[in-house]
Amino acid sequence: MSVDQHRVQQGATHGRAEGPDDDGDDALVAIIGMAGRFPGAPDLEQFWRNLAGGVESMRHFTDEELLAAGESAAALRDPGYVRVCPVLDDIDKFDAGFFGFSPKEAAISDPQHRLFLEIAWEAFENAGYDPGRVPGVVGVWAACGLNAYLMHHLVTNPDLMESVGEWLLRHTANDMNFLATRVSYELDLRGPSMNVQTACSSTLVTLHLAVQSLLGRECDLALAGGSTISLPQRGYVYKEGEILSADGHCRPFDARSKGTLFGSGAGAVILKRLADARRDRDNVLALVRGSAINNDGSQKVGYLAPSVEGQARAIAEALAVSGVPPETVSYVETHGTGTAMGDPIEVAALTQGYGGGPEARGTCAIGSVKGNIGHLDAAAGMAGLIKTVLALDRECLPASLHYSRPNPVIDFAK
């Protein structure tokens with residue numbers, strides 16, 4: 001994904017965008033609004049303060065807290081139990097009346113759906129629009145994670161299952177396939193409405209598909225994003241060879257990399273063709289110049305392993321579509337899971353995709369938000385995108401946390 005800042009005049013919500021009148025405005029898409037909630041950050045202002053201040057938004061639990069949360073005493077005695085989690089606060093809160101939900105309807109709805117509905121409204125508000133009164137066609141592309149709320153809190157309650165009905169409980173109120181259309185219904189949006197499930201790349205794929213729809217004129221405004229709430233929000237048992245961190249810290253690209261942590265969060269952006277954004281005097285936060293998606297196929301060591309060649313092809317294609325010379329790129333927000341296998345493969349793919357070779361020399365910063373908030377599963381890509389747009393807007397590059405010495409498998413010199 002190639003994202004670039006576009007200078008705007010500060011002031012009113014709809015400020016006149018400055019800059020040259022590109023003949024290619026119709027081929028570019030502007031980000032004109034965004035919203036998010038992440039561990040330690042109920043809004044984007046706090047999210048930025050945490051990033052700029054080098055805050056690690058991990059909750060460290062006492063045994064008493066974990067026992068009260070339902071953890072077993074036997075699990076806590078396990079020497080591999082890690083008492084840490086990137087916690088999203090207030091996941092039980094929802095403005096049901098604002099969206100016309102009855103208390104019971106809200107109580108049986110997946111918190112990921114409730115959270116994304118609020119984030120969607122906040123993103124439109126940030127862009128300066130009432131979603132139900134936007135002229136033109138508005139599309140929605142959304143993703144969410146596994147519905148742990150249904151598994152842990154609803155199907156285990158037989159009285160609730162009987163009073164509500166299994167079909168309604170399992171499907172309309174909780175099925176991930178109803179996320180995007182629920183937003184379209186509640187906000188009266190009548191463009192394409194599509195759920196996207198590609199694991200941890202899901203929200204970046206929502207962005208890609210929304211951009212393609214805008215450029216194909218299927219819609220005039222687009223909402224892209226997703227939410228993940230991992231339940232229960234408590235510690236975990238570390239096992240050698242798995243993806244989870246051994247000590248409760250995520251250290252992207254560091255020699256001490258021991259894995260990642262999974263947390264909860266949500267984010268969304270509002271997109272519009274640049275020419276239309278300029279015409280309507282929108283506040284342009286950044287430009288999406290190009291994007292690409294593909295799949296590794298079977299050319300890798302295992303199903304869960306990434307592929308250098310597959311990633312490099314997607315990177316090279318995105319750069320080619322964007323028309324951005326690789327040597328002019330000064331920062332890449334990476335997936336950066338802090339895993340022994342993933343990080344070296346990602347750097348190798350970036351080097352190959354950007355045309356790096358024995359003769360190539362230059363400087364390009366890389367970073368990963370996972371050191372701050374962990375891995376947000378389906379919402380992970382949107383967290384990185386929003387971080388990057390905030391960094392462009394503030395003209396400040398936040399440090400990646402827990403980096404002291406390079407992973408010895410990564411040849412940063414090349």
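## Cysteines

The count of disulfides comes to 0, a disulfide being a pair of cysteine sulfur atoms within 2.5 Å. C144 is in no disulfide. Its nearest cysteine sulfur belongs to C200 and is 15 Å away. C144 has 1% relative accessibility, so it counts as buried. Buried means under 20% relative accessible area, exposed over 50%, and partly exposed in between, with a 1.4 Å probe and protein chains only. C219 also counts as buried, because its relative accessibility is 1%.

## Basis of the model

This is a predicted model: local features need pLDDT of at least 70, side-chain atom pairs count only at pLDDT 80 or more, and totals for chains, interfaces and linings use all residues. Residues are numbered from 1 along each chain as its sequence is written, and side-chain values use heavy atoms, with hydrogens and water left out.

## Aromatic pairs

The whole structure holds 6 aromatic pairs. Rings of Phe, Tyr and Trp (its six-membered ring) pair if their centres lie within 6.5 Å; planes under 30 degrees apart count as stacked, over 60 as edge-to-face and the rest as tilted. F94 and F99 make a stacked pair, 5.7 Å centre to centre with 5° between the planes. Both F94 and F99 are buried.

F98 and W121 form an edge-to-face pair, because their planes stand at 80° with the centres 5.0 Å apart. F98 lies in the loop between β5 (84-85) and α4 (103-107), and W121 in helix α5 (residues 111-127), so the pair ties together parts 23 residues apart in sequence. Helices (H or I, at least four residues) and strands (E, at least two) are DSSP runs, numbered from the N terminus. F98 counts as partly exposed at 44% relative accessibility. W121 is partly exposed too, at 23%. One aromatic cluster is formed by F94, F98, F99, F101 and W121.

## P131 and its contacts

P131 sits in the loop between α5 and β6 (138-144). At 2% relative accessibility, P131 counts as buried. Leaving out residues up to four places away in sequence, P131 touches W121, F124, L187 and L189. Contact means heavy atoms within 4.5 Å. P131 and L189 are 58 residues apart in sequence, yet 7.2 Å apart in space, C-alpha to C-alpha.

## Helix α15 and its partners

Helix α15 (residues 380-394) meets helix α10 (residues 202-215). Their axes come within 5 Å and cross at roughly 65°. Axes are lines fitted to C-alpha atoms, for helices over the stretch in contact, and angles run from 0 to 180 degrees between N-to-C directions. α10 and α15 are therefore roughly perpendicular to each other. Angles under 35 degrees count as roughly parallel, over 145 as roughly antiparallel, 65 to 115 as roughly perpendicular and the rest as oblique. On the α10 side, T203, L204, T206 and L207 take part; α15 supplies A380, G381, M382 and L385. By class, this contact has 5 nonpolar, 3 polar and no charged residues. Ala, Val, Leu, Ile, Met, Phe, Trp, Tyr, Cys and Pro count as nonpolar, Asp, Glu, Lys and Arg as charged, and the others, Gly among them, as polar.

Helix α1 (residues 44-52) also packs against α15, at about 80° with the axes 11 Å apart. α1 and α15 are therefore roughly perpendicular to each other. L44, E45, F47, W48 and L51 of α1 meet A383, I386, K387, L390, A391 and R394 of α15. The contact of α1 with α15 has 8 nonpolar, no polar and 3 charged residues.
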